[in-house]
Number of protein chains: 2
Amino acid sequence: MTGLRERKKQQTHDALSEAAIALFLARGFDEVSVTDIAEAANVSKPTLFKYFPTKQDLVLHRIADHRHESARVVAAAAVPPVRALREHFLAGLVARDPITGLNDHPQVLAYYRLVFTTPALATRLHQFMDDDERALAAALGGDLAGELLAAQVVSVQRVLSRRNWAVVDAGQPADDRYLDAVTEAETAFDGLPLG
Amino acid sequence: MTGLRERKKQQTHDALSEAAIALFLARGFDEVSVTDIAEAANVSKPTLFKYFPTKQDLVLHRIADHRHESARVVAAAAVPPVRALREHFLAGLVARDPITGLNDHPQVLAYYRLVFTTPALATRLHQFMDDDERALAAALGGDLAGELLAAQVVSVQRVLSRRNWAVVDAGQPADDRYLDAVTEAETAFDGLPLG
DNA sequence: ACAAAAGATTAACTCGGTCAATCTTTTGCC
DNA sequence: GGCAAAAGATTGACCGAGTTAATCTTTTGT
């Protein structure tokens, strides 16, 4: 029950992820091979792929952990979906949740810079957002309106967080950006139907 | 000037694309190697990759040829952007343009079934739509409103054409689907700002 | 006809990802 | 507490996509 095995598994998982991100940040995603990472974490290559299905997931598993968050928010909400999602995003801004882009910790910025400027990572990130969209569409009912709304919500989240990240990464403190971020988020969500 | 060389190039290009699609349709995208395709077209593997940068592009170059179409429509239009895009999509429905999903030719259906049910192809298709979105955002002005509108237009196009394809692929003739397709398109575009 | 350039070919290579077989560890049972 | 069996981890060998450099063929302008 305690899981000595689980602890070792967790250790290996973390060792791989940390070694990978450190190497990627230092030398760039494409300049580091999975063999390098496996060596750095003292495991073999097949073992690495048992922990992370793709090289990209060594970086993105942190974000992937938030999978289907929008769908869950809608399912758990007592208010209309768009309103719940809007409030959830605004709460993320207040909390400086990295997923909103409004976080200026150097490590977080470097992490997102890696993700956004590496095509392979940006592509896989988009796949995750697609999953999110599908789950959200299902939570909103599988009809045309639900599909459209899901697609547009995900688009809004993506555009807003990318903009916030760009501004903060350019040097503006998150606290300075906050008010504009709120205004932009409200504008964007107001443009959605059933707002 | 006549370009005997160009003709041969075109020939090789078409031979590769047609061999690839025929093999993919017969055996599935993942069950055919690029070596198989190169052999079928009587060229070497590096030559294949000089014509098509990736295996996926052997299939998707047809769609990729329509790149930045939305941006071009907006740039060339004399009416407001959303209106121009709406009319362009409706004209596509009338013309049974495969990109709208409203085309029931067996070859077209099989082609899109291949694209939509093969993860690697769907992913690369999404990359193309991302390019489209960026170009459209630029054509609409690089500001927040432009970025949001571009993202939502691309989402609408994607959702509409996927729905049309799904219905037609399930067996409904394109002509029977037409009226619903128009209604859904109008509904979707009406939900966009500045409609 | 010929020189120069453009393109194709070959072989060898890198890298991401998978598989089958082997070995280690945990756990359920006596 | 020890032990068999199953679950899981490890390894080396392997496959396919895509690249590179050197060589060879073909087209084209003169």
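Me: Does Arg177(A) count as buried or exposed?
Reply: This is a predicted model in which local features need pLDDT of at least 70 and side-chain atom pairs count only at pLDDT 80 or more, while totals for chains, interfaces and linings use all residues; side-chain values use heavy atoms, with hydrogens and water left out. Residues are numbered from 1 along each chain as its sequence is written, and chains are lettered from A and ligands numbered from 1 in the order in which they are written. Relative accessible area (1.4 Å probe, protein chains only) under 20% means buried, over 50% exposed, and in between partly exposed. Since its relative accessibility is 5%, Arg177(A) counts as buried.

Me: Which residues does Arg177(A) touch, not counting those up to four places away in sequence?
Reply: Arg177(A) belongs to helix α10 (residues 174–190) of chain A; helices (H or I, at least four residues) and strands (E, at least two) are DSSP runs, numbered from the N terminus. Contact requires heavy atoms within 4.5 Å. Leaving aside residues up to four places away in sequence, Arg177(A) touches Leu102(A), Arg163(A), Asn164(A), Val167(A), Val168(A), Gln172(A) and Glu184(A).

Me: Which residues are linked with Glu147(A) in a network of salt bridges?
Reply: A salt bridge is a side-chain nitrogen of Lys or Arg within 4 Å of a carboxyl oxygen of Asp or Glu. A search of the whole structure gives 22 of them over all chains. Linked with Glu147(A) in one network are Arg163(B), Arg177(B) and Glu184(B).

Me: How many residues apart in sequence are the parts tied together by Arg124(A) and Asp57(A)?
Reply: A salt bridge joins the side chains of Arg124(A) and Asp57(A), with N and O 3.0 Å apart. Arg124(A) lies in helix α8 (residues 119–139) of chain A and Asp57(A) in helix α4 (residues 57–64) of chain A, so the parts tied together are separated in sequence by 67 residues.

Me: What does the pair of Arg158(A) and Glu133(B) join?
Reply: Arg158(A) is in helix α9 of chain A and Glu133(B) in helix α8 of chain B, so the pair crosses from chain to chain. The closest N and O atoms of this salt bridge are 2.9 Å apart, and both residues are buried. What the pair joins is therefore two chains.

Me: What is the relative accessible area of Asp57(B)?
Reply: Asp57(B) forms a salt bridge with Arg124(B) (2.9 Å, N to O). The pair links distant parts of chain B, helix α8 and helix α4 (residues 57–64), 67 residues apart. Arg124(B) is buried at 18%. Asp57(B) is buried too, with a relative accessible area of 6%.

Me: What is the area buried between chain B and chain A?
Reply: The size of an interface is often given as the accessible area lost when the parts come together. Here buried area is that loss (1.4 Å probe), summed over both parts. In this interface 24 residues of chain B are in contact with 24 residues of chain A. Carbon and sulfur atoms give 56% of the buried area, which is about 1800 Å².

Me: Which helix gives the most to the side of chain B that touches chain A?
Reply: Between the chains there are four salt bridges and nine residue pairs in polar contact (both at pLDDT 80 or more); a polar contact is a pair of N or O atoms within 3.5 Å, where within protein one must be able to donate a hydrogen and the other to accept it, and residues adjacent in sequence count only if both atoms are side-chain atoms. On chain B, α8 (119–139), α9 (144–169) and α10 (174–190) each supply at least two residues of the side that touches chain A. With twelve residues, the helix that gives the most is α9(B).

Me: As what kind of axis are the two copies related?
Reply: Chain B can be laid on chain A with an RMSD of 0.1 Å by a turn of 180° and a shift of 0.1 Å along the axis, the superposition being by least squares on the C-alpha atoms of residues with pLDDT of at least 70 in both copies. The relation is thus as by a two-fold rotation axis.

Me: Which residue of chain B comes closest to the rotation axis?
Reply: Its C-alpha is 2.8 Å from the axis, and the residue is Gln152(B).

Definitions and conventions:
Buried area is the accessible area (1.4 Å probe) that two parts lose on being put together, summed over both.
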